[in-house]
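This report covers confidence, fold elements and charged side chains, in that order of need. The sequence and the model come before the discussion.

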Amino acid sequence: MSTFLRFNHLAPKTKNFVVAGGLTGFVFGVYFYTMRAVGGTDELQVAIDKFEEQKTKNEMTESSLPRS
């Protein structure tokens, strides 16, 4: 409780700015941490590329076979 007493001399508007700054910093920190953690790996994109490559190979094989 004594740490909150340090802010008693500040105006209410200033206290609001301090809280808003802290919350904004926290939100941006979580956002950038999450983007770095999620964006660091491209496993899903690699899987999609392999699927598309296999699909293209299958289509090429089917189109080169003679139809009866």
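A residue counts as buried under 20% relative accessible area, as exposed over 50%, and as partly exposed in between. Lys 57, with a relative accessibility of 47%, is therefore partly exposed. The structure is a predicted model, and of the 68 residues in its chain 0% count as buried.

**Elements and confidence**

The chain holds three helices and zero strands, in the order α-α-α along the sequence. The mean pLDDT of the chain is 84, and 84% of the residues reach at least 70. Where pLDDT is low, the predicted coordinates should not be read in detail.

**Charged side chains**

One salt bridge is found in the whole structure. The side chains of Lys 57 and Glu 53 form a salt bridge, with an N to O distance of 3.6 Å. Lys 57 and Glu 53 lie about one helical turn apart, because four residues separate them in helix H3.

A surface patch of negative charge gathers Asp 49, Glu 52, Glu 59 and Glu 62. Of these, Glu 62 sits in helix H3 (residues 43-64).

| Residue | Relative accessibility | Class |
|---|---|---|
| Lys 57 | 47% | partly exposed |
| Glu 53 | 48% | partly exposed |
| Glu 62 | 55% | exposed |

Key. Residues are numbered from 1 along each chain as its sequence is written. This is a predicted model: local features need pLDDT of at least 70, side-chain atom pairs count only at pLDDT 80 or more; totals for chains, interfaces and linings use all residues. Side-chain values use heavy atoms; hydrogens and water are left out. pLDDT is the predictor's confidence in each residue, from 0 to 100. Patches are made of residues with over 30% relative accessible area and no salt bridge: like charges are joined within 9 Å, nonpolar side chains (Val, Leu, Ile, Met, Phe, Trp, Tyr) within 5 Å. Accessible areas come from the Shrake-Rupley method with a 1.4 Å probe; for residues, only the protein chains shown count as cover. A salt bridge is a side-chain nitrogen of Lys or Arg within 4 Å of a carboxyl oxygen of Asp or Glu. Lys and Arg count as positive and Asp and Glu as negative; His and the chain ends are not counted. The place of a charge is taken as NZ of Lys, CZ of Arg, CG of Asp or CD of Glu. Helices (H or I, at least four residues) and strands (E, at least two) are DSSP runs, numbered from the N terminus. Buried means under 20% relative accessible area, exposed over 50%, partly exposed in between (1.4 Å probe, protein chains only).
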